[in-house]
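Trainee: I have a new model open and want to learn how to read it. Can we take it feature by feature?

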Amino acid sequence: MKKNTIALSVALAMFSVMPLSVQADGTIQPANVATAPAIPANTLHQLPWEPLVPPVTKTVTLTSSSAQLHVGDIQGAVGAFALPADRGSLEITISSLVEGKRVYAPSVMVLDENMRPAAFYPSSYFSYQQPGVMSGDRLEGTLKLTPALGQKQIYMVIYTTSQDLAKTTQMVDPAKAYAAGVGNAVPNIPDPIAIHQSTGTIKIKVKAEQNTGNVMIGGILPMAPKEQPVVVGAAAAPVATAPSKPAQPMLKDTDEYFNKGIRDAVKGGDIDKALKLMKEAEQLGSTTARETFIHSVKGKG
C-alpha cells in the first residue's frame, strides 16, 4: 500500500509538468478595464476590506455568510483586500481550490488608491491546474502589479459571475495522471467535471516582485494637486506640519546620472528600482526624472 502511495505521488509530480487540460486566455490585457463590471462607489466603500501585507499566504473561505455582491453580472460571495502601494511591485498568486467536484470560478478587479478600476482579470485568466504532490485540482493565475508612486494602498476584489456559475471545469482523472506518470497507456475514461458555485476556498500568496511585465496601478502624472484618496477604516486626525523647503535645482551631471540609472533599470526590467531612483531624484530637485521614467516605460526613453 505504501509503495502504491509513493508511486501515485511521483506520478502526479511528473504529470504536473505536462500540458494543461485548460490553458489561460493569452489574449487578455489586464490594463484594459473597458470590459470590467461597473461597481458603484458606495458599494465598494461598504465592503469589508482585509489587509494583505507581503510576504503573506492566506486561505480565505467564501461562504453564504461572507460579503455578497449582486451587481450586474456579479453574483455571490466576494473577497475584498487592501494591499500596500508603497512597498514596490507585487506578485499575487490566486488559487481557487476544487472541493468535492465543486469550485469557485474567480474574476479579479484591481483598483487604485481612489478605488478606480486599474486592472481586470476575467475568469478565463485563471486556468485549471492539475494536482501535484503538495496541491490539488485548482483554478490559478498570477497577477504582477506595480503601484504608481504617491499611493498608500491599492485594492483587489475577487468575485464570480452568473455566466461562470452556468459553466463547469473539466479536470483530469487521477487514473490518467498515474498512468501517464509511470509511463503506462493512459486509459480511455471520462474526466471528472467540477461544477461552478458562488462559494469556495481561495488561497492568496503575495510577495515582492522584481521582474518585467507588470501592470501599472494608478497613473504616473506630472506634479499636480492630488485627488483625495479613499480611506478604508478609521482615519487619523490630520497633523499640522511645517511647509518643506523646495529642493534646489539639481546639477546637470547629477540629473543625467539619475536619468541614466532610471533608463537602465527599466531596460533591465527592474521597474521597482526605477521608481525608487525617480523618487530620490525628485527629492533632490530633479525636474526631468519623472519624464525620463514615463518615456522609458513607454519605450521612448
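Trainee: Is Arg 138 buried or exposed?

Mentor: First, keep in mind that this is a predicted model. Buried means under 20% relative accessible area. Arg 138 has 13% relative accessibility, so Arg 138 counts as buried.

Trainee: Which residue does the side chain of Arg 138 meet in a salt bridge?

Mentor: Glu 140. The N to O distance is 3.0 Å. Glu 140 has 22% relative accessibility and therefore counts as partly exposed.

Trainee: How many salt bridges does the structure hold?

Mentor: Nine. Take two others. Glu 50 forms one with Lys 58, with the closest N and O atoms 2.9 Å apart. Glu 256 forms one with Arg 263, and there the closest N and O atoms are 2.6 Å apart.

Trainee: How do Glu 50 and Lys 58 count in terms of accessibility?

Mentor: Glu 50 is at 27%, so it counts as partly exposed. Lys 58 is at 29%, so it counts as partly exposed too. Glu 256, at 40%, counts as partly exposed. Arg 263, at 25%, also counts as partly exposed.

Trainee: Now sheets. In what order do the strands of the open sheet run?

Mentor: Read the order across the sheet. Five strands form it, in the order E1-E5-E12-E8-E9, with mixed pairing.

Trainee: Why is one side of E1 and of E9 left without a neighbour in the sheet?

Mentor: Strand E1 (50-51) and strand E9 (117-121) stand at the edges. Each has a single partner strand, so one side of each has no neighbour in the sheet.

Trainee: In which sense do E8 and E9 pair?

Mentor: Antiparallel, over four bridges. E8 covers residues 107-111.

Trainee: On to helices. What should I know before I look at one?

Mentor: An α-helix has 3.6 residues a turn, so residues three or four places apart point the same way.

Trainee: Which residues of H6 are buried?

Mentor: Ile 271, Asp 272, Ala 274, Leu 275, Leu 277, Met 278, Ala 281 and Glu 282. The elements that cover them include E11, H5 and H7.

Trainee: How many residues does H6 have, and what span does it reach?

Mentor: H6 has 13 residues. From its first C-alpha to its last it reaches 19 Å, close to the 18 Å expected at 1.5 Å a residue.

Trainee: What follows H6?

Mentor: Gly 285, with a positive phi near 110°.

Trainee: Let's do H7. Which of its residues are buried, and what do they pack against?

Mentor: H7 spans residues 289-297. Its buried residues are Ala 289, Arg 290, Thr 292, Phe 293, Ile 294 and Ser 296. They pack against strand E16 (215-217), helix H5 (252-267) and helix H6 (271-283). Just after H7, Gly 299 takes a positive phi of about 85°.

Trainee: One loop to finish. Where is Gly 132?

Mentor: In the loop between strand E10 (127-129) and strand E11 (138-147).

Trainee: What distance separates the C-alpha atoms of Gly 132 and Ala 177?

Mentor: They are separated by 9.7 Å. Along the chain, Gly 132 and Ala 177 are 45 residues apart.

Technical notes: Residues numbered from 1 in each chain as written. Predicted model: local features only at pLDDT ≥ 70, side-chain atom pairs only at ≥ 80, totals over all residues. Heavy atoms only, no water. Buried < 20%, exposed > 50% of the residue type's maximum accessible area, 1.4 Å probe, protein only. Helix = DSSP H or I, 4+ residues; strand = E, 2+ residues; numbered from the N terminus. Contact = heavy atoms within 4.5 Å. Pairing = 2+ DSSP bridges. Salt bridge = Lys/Arg side-chain N within 4 Å of Asp/Glu carboxyl O. Expected span 1.5 Å × (residues − 1).
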